[in-house]
Amino acid sequence: MFERIHKGNVYFNLVNGEWVECLSKKSLEIFSPVDNSLVGKTQLLSREEIDDIIMNSKQAQKAWRDTPLSQRAKILERAADILEENIELLSKILETEIAKDTDSAVSEVKRTADFIRFTANEGMHVQSEAIGAEQFPGFKKNKISYVARIPLGIVLAISPFNYPINLTASKVAPALIAGNSVILKPPTQGAISALYLAEVFHQAGLPAGILNTVTGRGSEIGDYLITHKEINFINFTGSTVVGRHIAQIAGMVPMLMELGGKDAAIVLEDADLSMTAKNIVAGAYSYSGQRCTAVKRILVMNAIADQLVELIEEEIKLLKVGNPAKGIQITPLISTQAADFVEELIKESVEKGAKIVIGNRREGNLLYPTLIDYVTTDMRLAWEEPFGPVLPILRVNDIEEAIDIANRSEYGLQSSVFTKNIDLAFMIANRLEVGTVQINNKTERGPDHFPFLGVKSSGMGTQGIRYSVEAMSRPKAIVINLNS
Ligand code: NAP
Ligand code: G3P
(Lines give C-alpha, C1' and ligand atoms only; values in the text may rest on other atoms or scores of the structure.)
(Ligands and ions follow the chains in the order given, each with its own letter.)
Protein backbone atom coordinates (compact mmCIF):
# COMPACT_ATOMS: atom_id res chain seq x y z
CA MET A 1 0.00 0.00 0.00
CA PHE A 2 2.80 2.45 0.81
CA GLU A 3 5.37 1.53 -1.82
CA ARG A 4 4.57 4.67 -3.87
CA ILE A 5 5.70 7.11 -1.20
CA HIS A 6 9.40 6.30 -1.37
CA LYS A 7 12.16 4.85 -3.52
CA GLY A 8 14.61 3.07 -1.29
CA ASN A 9 15.05 5.34 1.71
CA VAL A 10 14.12 8.57 -0.13
CA TYR A 11 10.60 9.78 0.69
CA PHE A 12 8.75 11.94 -1.82
CA ASN A 13 5.93 14.47 -1.50
CA LEU A 14 2.27 13.90 -2.28
CA VAL A 15 1.36 16.41 -5.01
CA ASN A 16 -1.83 16.25 -7.05
CA GLY A 17 -2.34 12.60 -6.17
CA GLU A 18 1.19 11.52 -7.17
CA TRP A 19 4.33 10.96 -5.07
CA VAL A 20 6.94 13.17 -6.70
CA GLU A 21 10.66 13.68 -6.24
CA CYS A 22 11.84 17.28 -5.88
CA LEU A 23 13.67 18.77 -8.85
CA SER A 24 16.89 19.40 -6.95
CA LYS A 25 16.84 15.83 -5.60
CA LYS A 26 18.22 17.42 -2.41
CA SER A 27 17.16 15.60 0.74
CA LEU A 28 17.46 15.67 4.51
CA GLU A 29 18.65 12.60 6.41
CA ILE A 30 16.39 11.57 9.31
CA PHE A 31 18.16 9.58 12.01
CA SER A 32 16.42 7.57 14.70
CA PRO A 33 16.73 8.98 18.25
CA VAL A 34 16.79 5.35 19.38
CA ASP A 35 20.06 4.22 17.79
CA ASN A 36 21.00 7.00 15.37
CA SER A 37 20.30 4.68 12.44
CA LEU A 38 19.16 6.26 9.18
CA VAL A 39 15.35 6.15 9.07
CA GLY A 40 15.10 7.77 5.66
CA LYS A 41 15.58 10.96 3.66
CA THR A 42 12.92 13.63 3.05
CA GLN A 43 13.00 16.11 0.23
CA LEU A 44 13.96 19.77 0.31
CA LEU A 45 11.51 21.69 -1.89
CA SER A 46 12.27 24.98 -3.63
CA ARG A 47 10.02 28.04 -3.49
CA GLU A 48 9.05 27.50 -7.12
CA GLU A 49 7.95 23.95 -6.33
CA ILE A 50 6.02 25.20 -3.30
CA ASP A 51 4.25 27.75 -5.52
CA ASP A 52 3.20 25.03 -7.98
CA ILE A 53 2.00 22.76 -5.17
CA ILE A 54 -0.09 25.52 -3.61
CA MET A 55 -1.61 26.53 -6.97
CA ASN A 56 -2.54 22.88 -7.56
CA SER A 57 -4.20 22.83 -4.12
CA LYS A 58 -6.14 26.00 -4.94
CA GLN A 59 -7.41 24.57 -8.21
CA ALA A 60 -8.43 21.26 -6.66
CA GLN A 61 -10.28 22.88 -3.77
CA LYS A 62 -12.86 24.40 -6.13
CA ALA A 63 -14.38 20.96 -6.82
CA TRP A 64 -13.84 19.70 -3.29
CA ARG A 65 -15.85 22.51 -1.72
CA ASP A 66 -18.81 21.46 -3.91
CA THR A 67 -18.42 17.77 -3.07
CA PRO A 68 -21.41 16.68 -1.00
CA LEU A 69 -20.63 16.57 2.73
CA SER A 70 -21.71 12.91 2.91
CA GLN A 71 -19.09 12.04 0.28
CA ARG A 72 -16.39 13.94 2.15
CA ALA A 73 -17.40 12.09 5.32
CA LYS A 74 -17.18 8.68 3.59
CA ILE A 75 -13.59 9.34 2.52
CA LEU A 76 -12.66 10.23 6.10
CA GLU A 77 -14.32 7.08 7.40
CA ARG A 78 -12.35 4.99 4.89
CA ALA A 79 -9.13 6.72 5.98
CA ALA A 80 -9.87 5.75 9.58
CA ASP A 81 -10.35 2.12 8.52
CA ILE A 82 -7.07 2.09 6.57
CA LEU A 83 -5.24 3.57 9.56
CA GLU A 84 -6.52 0.76 11.77
CA GLU A 85 -5.62 -1.86 9.17
CA ASN A 86 -2.01 -0.57 9.29
CA ILE A 87 -1.67 0.13 13.00
CA GLU A 88 1.26 -2.29 13.36
CA LEU A 89 3.32 -0.72 10.56
CA LEU A 90 2.52 2.89 11.49
CA SER A 91 3.21 2.47 15.21
CA LYS A 92 6.58 0.86 14.39
CA ILE A 93 7.49 3.89 12.28
CA LEU A 94 6.63 6.18 15.20
CA GLU A 95 8.84 4.07 17.48
CA THR A 96 11.76 4.36 15.08
CA GLU A 97 11.37 7.94 13.90
CA ILE A 98 10.51 9.69 17.18
CA ALA A 99 11.40 7.00 19.76
CA LYS A 100 7.79 6.83 20.92
CA ASP A 101 7.23 3.93 23.30
CA THR A 102 5.16 1.07 21.85
CA ASP A 103 2.05 1.61 23.96
CA SER A 104 1.95 5.34 23.15
CA ALA A 105 2.66 4.67 19.47
CA VAL A 106 -0.17 2.16 19.12
CA SER A 107 -2.44 4.49 21.08
CA GLU A 108 -1.58 7.42 18.79
CA VAL A 109 -2.62 5.52 15.66
CA LYS A 110 -5.81 4.09 17.21
CA ARG A 111 -6.76 7.47 18.66
CA THR A 112 -6.23 9.07 15.24
CA ALA A 113 -8.58 6.62 13.58
CA ASP A 114 -11.19 7.41 16.25
CA PHE A 115 -10.52 11.13 15.75
CA ILE A 116 -11.05 10.97 11.99
CA ARG A 117 -14.24 8.91 12.34
CA PHE A 118 -15.64 11.31 14.95
CA THR A 119 -14.73 14.24 12.68
CA ALA A 120 -16.58 12.69 9.75
CA ASN A 121 -19.69 12.42 11.88
CA GLU A 122 -19.32 15.81 13.56
CA GLY A 123 -18.77 17.52 10.23
CA MET A 124 -22.17 16.33 9.07
CA HIS A 125 -23.78 18.29 11.90
CA VAL A 126 -22.07 21.63 11.42
CA GLN A 127 -25.21 22.83 9.74
CA SER A 128 -26.52 25.79 7.84
CA GLU A 129 -29.39 27.74 9.41
CA ALA A 130 -32.15 30.18 8.48
CA ILE A 131 -32.84 33.25 10.62
CA GLY A 132 -35.98 35.36 10.41
CA ALA A 133 -35.72 39.15 10.69
CA GLU A 134 -38.86 39.67 12.73
CA GLN A 135 -37.13 38.84 16.03
CA PHE A 136 -35.39 42.18 15.74
CA PRO A 137 -37.45 45.32 16.46
CA GLY A 138 -38.69 47.12 13.35
CA PHE A 139 -38.33 44.13 11.02
CA LYS A 140 -40.99 41.94 9.48
CA LYS A 141 -41.23 38.36 8.23
CA ASN A 142 -40.27 39.42 4.72
CA LYS A 143 -36.51 39.16 5.31
CA ILE A 144 -34.78 35.86 5.96
CA SER A 145 -31.06 35.14 6.25
CA TYR A 146 -29.93 31.75 4.97
CA VAL A 147 -26.59 31.14 6.70
CA ALA A 148 -24.44 28.42 5.14
CA ARG A 149 -21.12 27.17 6.55
CA ILE A 150 -18.42 27.34 3.86
CA PRO A 151 -14.70 26.45 3.72
CA LEU A 152 -11.94 29.05 3.92
CA GLY A 153 -9.91 27.70 0.98
CA ILE A 154 -6.38 26.39 1.58
CA VAL A 155 -5.38 25.40 5.12
CA LEU A 156 -1.66 25.29 5.93
CA ALA A 157 -1.22 22.54 8.53
CA ILE A 158 2.06 22.50 10.48
CA SER A 159 2.50 19.72 13.00
CA PRO A 160 5.01 18.97 15.81
CA PHE A 161 7.38 16.03 16.26
CA ASN A 162 5.70 14.49 19.28
CA TYR A 163 2.43 13.47 17.60
CA PRO A 164 3.29 13.49 13.88
CA ILE A 165 0.26 11.34 13.02
CA ASN A 166 -2.34 12.47 15.54
CA LEU A 167 -1.55 16.21 15.51
CA THR A 168 -1.41 16.13 11.72
CA ALA A 169 -4.80 14.42 11.45
CA SER A 170 -6.25 16.78 14.08
CA LYS A 171 -5.69 19.57 11.53
CA VAL A 172 -6.20 17.72 8.25
CA ALA A 173 -9.45 15.86 9.01
CA PRO A 174 -11.49 18.86 10.27
CA ALA A 175 -10.10 20.98 7.42
CA LEU A 176 -11.16 18.39 4.83
CA ILE A 177 -14.66 17.77 6.18
CA ALA A 178 -15.22 21.54 6.11
CA GLY A 179 -14.37 21.54 2.38
CA ASN A 180 -10.86 23.01 2.46
CA SER A 181 -7.78 21.68 0.73
CA VAL A 182 -4.67 21.22 2.85
CA ILE A 183 -0.98 21.93 2.46
CA LEU A 184 0.80 19.81 5.07
CA LYS A 185 4.20 20.81 6.38
CA PRO A 186 5.16 17.96 8.74
CA PRO A 187 7.91 18.19 11.38
CA THR A 188 11.34 17.26 10.05
CA GLN A 189 11.65 14.61 12.75
CA GLY A 190 8.32 12.87 12.24
CA ALA A 191 7.91 13.72 8.55
CA ILE A 192 8.04 10.09 7.45
CA SER A 193 5.26 9.15 9.87
CA ALA A 194 3.17 12.06 8.56
CA LEU A 195 3.83 11.13 4.91
CA TYR A 196 2.43 7.65 5.58
CA LEU A 197 -0.69 9.34 6.97
CA ALA A 198 -0.98 11.44 3.81
CA GLU A 199 -0.95 8.25 1.73
CA VAL A 200 -3.69 6.82 3.97
CA PHE A 201 -5.92 9.76 3.03
CA HIS A 202 -5.02 9.30 -0.64
CA GLN A 203 -5.77 5.58 -0.55
CA ALA A 204 -9.10 6.42 1.10
CA GLY A 205 -10.14 8.18 -2.08
CA LEU A 206 -9.23 11.79 -1.41
CA PRO A 207 -9.22 13.53 -4.81
CA ALA A 208 -5.87 14.62 -6.24
CA GLY A 209 -4.56 17.93 -4.94
CA ILE A 210 -6.80 18.11 -1.86
CA LEU A 211 -3.96 17.06 0.42
CA ASN A 212 -0.47 18.03 -0.76
CA THR A 213 2.68 17.74 1.38
CA VAL A 214 5.72 20.02 1.51
CA THR A 215 8.74 18.70 3.38
CA GLY A 216 11.78 20.68 4.40
CA ARG A 217 13.18 22.49 7.43
CA GLY A 218 10.65 24.84 8.97
CA SER A 219 13.45 27.34 9.51
CA GLU A 220 14.08 27.36 5.74
CA ILE A 221 10.66 27.13 4.08
CA GLY A 222 8.42 28.10 7.00
CA ASP A 223 8.30 31.84 6.44
CA TYR A 224 7.64 31.38 2.73
CA LEU A 225 4.71 29.08 3.46
CA ILE A 226 3.29 31.28 6.22
CA THR A 227 3.37 34.44 4.11
CA HIS A 228 2.22 32.81 0.86
CA LYS A 229 -0.65 34.86 -0.58
CA GLU A 230 -2.78 31.78 -1.38
CA ILE A 231 -2.87 30.43 2.19
CA ASN A 232 -6.26 31.10 3.80
CA PHE A 233 -5.73 29.61 7.28
CA ILE A 234 -2.77 28.50 9.40
CA ASN A 235 -3.18 25.60 11.81
CA PHE A 236 0.01 25.33 13.85
CA THR A 237 1.09 23.15 16.74
CA GLY A 238 4.56 23.61 18.12
CA SER A 239 6.73 25.71 20.35
CA THR A 240 5.79 29.14 21.62
CA VAL A 241 8.93 30.62 20.08
CA VAL A 242 7.94 29.50 16.60
CA GLY A 243 4.27 30.25 17.18
CA ARG A 244 5.05 33.85 18.15
CA HIS A 245 7.21 34.26 15.06
CA ILE A 246 4.44 32.92 12.82
CA ALA A 247 1.86 35.23 14.41
CA GLN A 248 4.15 38.20 13.76
CA ILE A 249 4.62 37.55 10.04
CA ALA A 250 1.25 36.00 9.08
CA GLY A 251 -0.60 39.27 8.54
CA MET A 252 -4.39 39.00 8.27
CA VAL A 253 -4.49 35.20 7.88
CA PRO A 254 -6.69 33.56 10.57
CA MET A 255 -4.97 30.87 12.60
CA LEU A 256 -5.25 28.24 15.28
CA MET A 257 -2.21 27.77 17.50
CA GLU A 258 -1.43 25.15 20.16
CA LEU A 259 1.89 26.02 21.76
CA GLY A 260 3.99 25.26 24.82
CA GLY A 261 2.82 24.57 28.33
CA LYS A 262 3.93 24.43 31.96
CA ASP A 263 0.93 22.65 33.42
CA ALA A 264 0.74 22.83 37.22
CA ALA A 265 -0.78 20.18 39.48
CA ILE A 266 -2.06 21.82 42.68
CA VAL A 267 -2.35 19.33 45.55
CA LEU A 268 -4.40 20.24 48.63
CA GLU A 269 -4.15 18.69 52.11
CA ASP A 270 -7.33 16.59 51.70
CA ALA A 271 -6.34 15.05 48.35
CA ASP A 272 -6.28 11.26 47.90
CA LEU A 273 -2.49 11.19 47.74
CA SER A 274 -2.12 7.70 46.31
CA MET A 275 -4.46 8.48 43.38
CA THR A 276 -2.77 11.86 43.01
CA ALA A 277 0.72 10.34 42.81
CA LYS A 278 -0.35 7.83 40.16
CA ASN A 279 -1.96 10.57 38.08
CA ILE A 280 1.01 12.89 38.42
CA VAL A 281 3.52 10.24 37.33
CA ALA A 282 1.41 9.19 34.35
CA GLY A 283 0.91 12.83 33.43
CA ALA A 284 4.50 13.91 33.86
CA TYR A 285 6.46 11.03 32.36
CA SER A 286 4.43 9.47 29.52
CA TYR A 287 6.35 9.66 26.25
CA SER A 288 9.24 10.86 28.45
CA GLY A 289 7.43 14.11 29.25
CA GLN A 290 7.38 15.19 25.59
CA ARG A 291 3.79 16.31 25.69
CA CYS A 292 2.56 19.89 25.81
CA THR A 293 -0.02 18.85 28.41
CA ALA A 294 2.48 16.98 30.56
CA VAL A 295 2.32 17.80 34.26
CA LYS A 296 5.36 20.11 34.46
CA ARG A 297 5.28 21.36 38.04
CA ILE A 298 3.72 20.34 41.36
CA LEU A 299 2.42 23.01 43.74
CA VAL A 300 1.86 21.05 46.95
CA MET A 301 0.77 22.25 50.41
CA ASN A 302 3.65 22.01 52.88
CA ALA A 303 1.67 19.86 55.31
CA ILE A 304 1.46 16.88 52.95
CA ALA A 305 4.51 17.49 50.76
CA ASP A 306 6.75 14.82 52.33
CA GLN A 307 4.06 12.16 51.93
CA LEU A 308 3.33 13.10 48.32
CA VAL A 309 7.04 13.16 47.36
CA GLU A 310 7.46 9.68 48.81
CA LEU A 311 4.44 8.30 46.92
CA ILE A 312 5.55 9.90 43.65
CA GLU A 313 9.03 8.44 44.08
CA GLU A 314 7.54 4.96 44.58
CA GLU A 315 5.49 5.33 41.39
CA ILE A 316 8.55 6.53 39.45
CA LYS A 317 10.45 3.42 40.51
CA LEU A 318 7.83 1.34 38.64
CA LEU A 319 8.57 3.08 35.33
CA LYS A 320 10.54 1.04 32.80
CA VAL A 321 13.39 2.80 30.98
CA GLY A 322 14.88 1.82 27.61
CA ASN A 323 14.34 1.73 23.86
CA PRO A 324 10.75 1.58 22.54
CA ALA A 325 9.20 -1.80 23.32
CA LYS A 326 6.07 -3.15 25.02
CA GLY A 327 5.90 -2.05 28.63
CA ILE A 328 8.67 0.58 28.36
CA GLN A 329 7.55 4.07 29.33
CA ILE A 330 10.73 6.16 29.29
CA THR A 331 12.51 6.24 25.93
CA PRO A 332 15.29 8.42 24.43
CA LEU A 333 14.41 12.09 23.88
CA ILE A 334 14.00 13.39 20.36
CA SER A 335 17.50 14.84 20.12
CA THR A 336 20.76 15.43 21.93
CA GLN A 337 19.93 19.13 22.12
CA ALA A 338 16.63 18.31 23.82
CA ALA A 339 18.41 16.11 26.38
CA ASP A 340 21.09 18.77 26.93
CA PHE A 341 18.40 21.37 27.63
CA VAL A 342 16.69 19.21 30.23
CA GLU A 343 20.03 18.55 31.94
CA GLU A 344 20.79 22.27 31.95
CA LEU A 345 17.56 23.01 33.83
CA ILE A 346 18.22 20.23 36.35
CA LYS A 347 21.78 21.42 36.94
CA GLU A 348 20.76 25.04 37.49
CA SER A 349 18.08 24.09 40.02
CA VAL A 350 20.49 21.84 42.00
CA GLU A 351 23.13 24.58 42.01
CA LYS A 352 20.50 26.86 43.57
CA GLY A 353 19.63 24.36 46.30
CA ALA A 354 16.98 22.00 44.87
CA LYS A 355 17.23 18.33 45.90
CA ILE A 356 17.24 15.36 43.50
CA VAL A 357 14.82 12.77 44.91
CA ILE A 358 15.36 10.22 42.13
CA GLY A 359 16.86 10.19 38.61
CA ASN A 360 19.27 12.74 37.14
CA ARG A 361 20.95 9.92 35.20
CA ARG A 362 21.63 10.01 31.43
CA GLU A 363 22.68 7.47 28.84
CA GLY A 364 22.97 9.21 25.47
CA ASN A 365 19.57 10.84 24.79
CA LEU A 366 17.95 8.60 27.40
CA LEU A 367 17.20 10.53 30.58
CA TYR A 368 15.98 8.61 33.61
CA PRO A 369 12.74 9.94 35.16
CA THR A 370 13.80 12.67 37.54
CA LEU A 371 11.99 14.18 40.53
CA ILE A 372 13.39 17.35 42.09
CA ASP A 373 12.18 18.66 45.44
CA TYR A 374 12.51 22.11 47.03
CA VAL A 375 12.36 23.87 43.70
CA THR A 376 11.83 27.59 44.22
CA THR A 377 10.63 30.39 41.99
CA ASP A 378 14.14 31.75 41.44
CA MET A 379 15.00 28.61 39.46
CA ARG A 380 14.47 28.26 35.70
CA LEU A 381 12.85 24.82 36.18
CA ALA A 382 9.93 26.52 37.94
CA TRP A 383 9.06 28.42 34.76
CA GLU A 384 10.64 26.87 31.64
CA GLU A 385 9.22 23.94 29.65
CA PRO A 386 11.76 21.06 29.76
CA PHE A 387 9.87 18.77 27.36
CA GLY A 388 11.56 15.85 29.09
CA PRO A 389 11.13 13.43 32.06
CA VAL A 390 11.80 15.90 34.88
CA LEU A 391 9.29 17.10 37.48
CA PRO A 392 9.86 19.94 39.96
CA ILE A 393 8.13 20.04 43.36
CA LEU A 394 7.34 23.53 44.66
CA ARG A 395 6.18 23.51 48.29
CA VAL A 396 3.64 26.20 49.09
CA ASN A 397 2.04 27.50 52.30
CA ASP A 398 -1.52 27.91 51.10
CA ILE A 399 -3.94 28.00 48.19
CA GLU A 400 -3.37 31.68 47.50
CA GLU A 401 0.35 31.08 47.00
CA ALA A 402 -0.39 28.12 44.71
CA ILE A 403 -2.76 30.14 42.53
CA ASP A 404 -0.31 33.04 42.40
CA ILE A 405 2.61 30.87 41.26
CA ALA A 406 0.39 28.99 38.78
CA ASN A 407 -0.85 32.22 37.20
CA ARG A 408 2.56 33.91 37.07
CA SER A 409 3.60 31.42 34.35
CA GLU A 410 3.79 32.82 30.81
CA TYR A 411 1.91 29.65 29.82
CA GLY A 412 -1.78 28.88 30.25
CA LEU A 413 -2.55 25.47 28.76
CA GLN A 414 -3.97 23.27 31.54
CA SER A 415 -3.81 22.76 35.31
CA SER A 416 -4.87 19.99 37.67
CA VAL A 417 -6.39 20.42 41.12
CA PHE A 418 -6.36 17.46 43.52
CA THR A 419 -8.81 17.73 46.43
CA LYS A 420 -11.95 16.05 47.73
CA ASN A 421 -13.67 19.42 48.18
CA ILE A 422 -15.46 20.12 44.89
CA ASP A 423 -16.44 23.66 45.93
CA LEU A 424 -12.82 24.49 46.64
CA ALA A 425 -11.78 22.85 43.36
CA PHE A 426 -14.21 25.03 41.44
CA MET A 427 -13.09 28.16 43.28
CA ILE A 428 -9.47 27.46 42.37
CA ALA A 429 -10.36 26.41 38.81
CA ASN A 430 -12.22 29.66 38.23
CA ARG A 431 -9.13 31.64 39.22
CA LEU A 432 -6.56 29.74 37.17
CA GLU A 433 -5.58 31.48 33.89
CA VAL A 434 -5.55 28.39 31.68
CA GLY A 435 -7.58 26.77 28.90
CA THR A 436 -8.64 23.72 30.91
CA VAL A 437 -8.60 22.67 34.57
CA GLN A 438 -8.66 18.96 35.39
CA ILE A 439 -10.17 18.15 38.78
CA ASN A 440 -8.59 15.04 40.30
CA ASN A 441 -6.94 14.00 37.04
CA LYS A 442 -3.68 14.51 35.18
CA THR A 443 -3.61 17.26 32.57
CA GLU A 444 -4.41 15.88 29.10
CA ARG A 445 -5.97 16.80 25.75
CA GLY A 446 -8.32 13.87 25.31
CA PRO A 447 -11.08 13.02 24.74
CA ASP A 448 -10.58 14.83 21.45
CA HIS A 449 -14.08 16.28 21.11
CA PHE A 450 -13.53 18.31 24.30
CA PRO A 451 -12.42 21.91 23.71
CA PHE A 452 -8.63 22.07 23.81
CA LEU A 453 -7.00 25.48 24.02
CA GLY A 454 -4.12 27.42 25.46
CA VAL A 455 -4.12 31.07 26.60
CA LYS A 456 -1.23 33.47 27.05
CA SER A 457 1.91 31.86 25.54
CA SER A 458 0.15 28.49 25.15
CA GLY A 459 -1.74 29.36 22.03
CA MET A 460 -4.72 31.00 20.41
CA GLY A 461 -8.05 29.63 19.22
CA THR A 462 -9.70 26.39 20.25
CA GLN A 463 -9.16 22.87 18.95
CA GLY A 464 -11.37 19.93 19.70
CA ILE A 465 -13.21 18.38 16.81
CA ARG A 466 -16.28 20.60 16.39
CA TYR A 467 -14.27 23.70 17.35
CA SER A 468 -11.67 22.90 14.70
CA VAL A 469 -14.28 22.36 11.99
CA GLU A 470 -15.86 25.70 12.88
CA ALA A 471 -12.47 27.46 13.01
CA MET A 472 -11.63 26.25 9.47
CA SER A 473 -14.95 27.31 7.97
CA ARG A 474 -17.06 30.46 8.04
CA PRO A 475 -20.70 31.58 7.71
CA LYS A 476 -21.92 32.76 4.30
CA ALA A 477 -25.18 34.71 4.65
CA ILE A 478 -27.66 35.01 1.79
CA VAL A 479 -30.54 37.31 2.74
CA ILE A 480 -33.86 36.75 0.99
CA ASN A 481 -36.02 39.90 0.82
CA LEU A 482 -39.66 39.11 -0.02
CA ASN A 483 -41.94 41.76 -1.51
CA SER A 484 -44.94 40.90 0.68
P1 NAP B 1 8.69 23.38 16.88
O2 NAP B 1 10.16 23.28 16.87
O3 NAP B 1 8.05 24.66 17.14
O4 NAP B 1 8.18 22.81 15.45
C5 NAP B 1 6.81 22.65 15.21
C6 NAP B 1 6.58 22.67 13.71
O7 NAP B 1 6.85 23.98 13.22
C8 NAP B 1 7.50 21.74 12.94
O9 NAP B 1 6.83 21.20 11.82
C10 NAP B 1 8.59 22.68 12.49
O11 NAP B 1 9.29 22.24 11.33
C12 NAP B 1 7.78 23.89 12.13
N13 NAP B 1 8.54 25.14 12.07
C14 NAP B 1 9.72 25.43 12.64
N15 NAP B 1 10.09 26.71 12.34
C16 NAP B 1 9.10 27.22 11.55
C17 NAP B 1 8.86 28.48 10.91
N18 NAP B 1 9.71 29.50 10.98
N19 NAP B 1 7.72 28.62 10.17
C20 NAP B 1 6.84 27.61 10.05
N21 NAP B 1 7.00 26.40 10.64
C22 NAP B 1 8.12 26.22 11.38
O23 NAP B 1 8.04 22.36 17.93
P24 NAP B 1 8.37 20.81 18.13
O25 NAP B 1 9.77 20.71 18.62
O26 NAP B 1 8.00 20.06 16.90
O27 NAP B 1 7.34 20.42 19.30
C28 NAP B 1 7.68 20.71 20.64
C29 NAP B 1 7.02 22.01 21.06
O30 NAP B 1 5.69 22.06 20.57
C31 NAP B 1 6.92 22.12 22.58
O32 NAP B 1 7.06 23.46 22.97
C33 NAP B 1 5.50 21.67 22.89
O34 NAP B 1 4.99 22.24 24.07
C35 NAP B 1 4.76 22.21 21.68
N36 NAP B 1 3.57 21.40 21.46
C37 NAP B 1 2.37 21.93 21.81
C38 NAP B 1 1.24 21.15 21.64
C39 NAP B 1 -0.14 21.65 22.01
O40 NAP B 1 -1.13 20.99 21.63
N41 NAP B 1 -0.25 22.77 22.69
C42 NAP B 1 1.31 19.86 21.12
C43 NAP B 1 2.58 19.38 20.78
C44 NAP B 1 3.73 20.16 20.95
P45 NAP B 1 10.73 21.55 11.56
O46 NAP B 1 10.47 20.28 12.30
O47 NAP B 1 11.23 21.32 10.15
O48 NAP B 1 11.58 22.51 12.32
O1 G3P C 1 1.68 17.51 23.14
C2 G3P C 1 0.59 16.98 22.50
C3 G3P C 1 -0.66 17.49 23.16
O4 G3P C 1 -1.65 17.63 22.21
C5 G3P C 1 -0.99 16.57 24.32
O6 G3P C 1 -1.91 15.58 23.95
O7 G3P C 1 -3.37 13.72 24.54
O8 G3P C 1 -0.98 13.65 25.25
O9 G3P C 1 -2.58 15.23 26.37
P10 G3P C 1 -2.23 14.47 25.09
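1. Leu-211 is buried, with a relative accessible area of 4%; buried means under 20% relative accessible area, exposed over 50%, and partly exposed in between, with a 1.4 Å probe and protein chains only. The residue lies in strand E11. Helices (H or I, at least four residues) and strands (E, at least two) are DSSP runs, numbered from the N terminus. Leu-211 touches Leu-14, Val-172, Val-182, Leu-184, Ala-198, Phe-201 and Leu-206, leaving aside residues up to four places away in sequence. Contact here means heavy atoms within 4.5 Å. For Leu-211 and Leu-184, 27 residues apart along the chain, the C-alpha separation is 7.2 Å.

2. Basis of the values. This is a predicted model, in which local features need pLDDT of at least 70 and side-chain atom pairs count only at pLDDT 80 or more, while totals for chains, interfaces and linings use all residues. Residues are numbered from 1 along each chain as its sequence is written, chains are lettered from A and ligands numbered from 1 in the order in which they are written, and side-chain values use heavy atoms, with hydrogens and water left out.

3. Overall shape. The protein chain has 14 helices and 28 strands. Its radius of gyration is 24 Å, close to the 23 Å that the globule rule gives for 484 residues, so the chain is as compact as a globular protein of that length. The radius is taken over C-alpha atoms, and the rule is 2.2 Å times the number of residues to the power 0.38. Along the principal axes, the C-alpha atoms fill a box of roughly 75 × 65 × 40 Å.

4. Burial, contacts and surface. Of the 484 residues in the protein chain, 57% are buried. Among contacts between residues at least 6 apart in sequence, 72% join residues at least 24 apart. The accessible surface of the protein chain comes to about 19500 Å², and 54% of that belongs to carbon and sulfur atoms. Accessible areas come from the Shrake-Rupley method with a 1.4 Å probe; for residues, only the protein chains shown count as cover.

5. Charges. The protein chain carries 50 positive and 58 negative charges, whose mean positions are 6 Å apart. Lys and Arg count as positive and Asp and Glu as negative, while His and the chain ends are not counted. Each charge is placed at NZ of Lys, CZ of Arg, CG of Asp or CD of Glu.

6. The sheet containing E11. Six strands form an open sheet in the order E11-E10-E9-E12-E13-E26, with mixed pairing. The edge strands are E11 (211–213) and E26 (459–460), each of which pairs on one side only. Two strands pair if DSSP finds at least two bridges between them. Strand E13 (residues 255–258) and E26 are antiparallel, over two bridges, and Met-257 stands opposite Met-460 in E26.

7. Strands E22 and E23. Strand E22 (residues 414–418) runs parallel to E23, and four bridges join them. Ser-416 has Gln-438 in E23 as its bridge partner. In a regular strand the side chains alternate between the two faces of the sheet.

8. Ala-204. This residue is in the loop between helix H6 (191–203) and E11, and is buried at a relative accessible area of 11%. Ala-204 touches Ile-75, Arg-78, Ala-79 and Ile-82, not counting residues up to four places away in sequence. Ile-82 is 122 residues from Ala-204 along the chain, with 7.3 Å between their C-alpha atoms.

9. Ser-349. Helix H11 (residues 336–351) holds Ser-349, which counts as buried at 0% relative accessibility. Its contacts, not counting residues up to four places away in sequence, are Ala-354, Ile-372, Met-379 and Leu-381.

10. Backbone points to check. Which residues does a cis peptide bond join? They are Gly-446 and Pro-447, with omega about -5°; Pro-447 lies in the loop between E23 and strand E24 (452–453). Lys-25, a residue other than glycine, has a positive phi near 60°. Lys-25 sits in the loop between strand E4 (18–20) and strand E5 (27–31) and is exposed, with a relative accessible area of 56%. Ala-99 also has a positive phi, near 55°. Ala-99 lies in the loop between helix H3 (87–98) and helix H4 (102–123) and is buried, with a relative accessible area of 0%.
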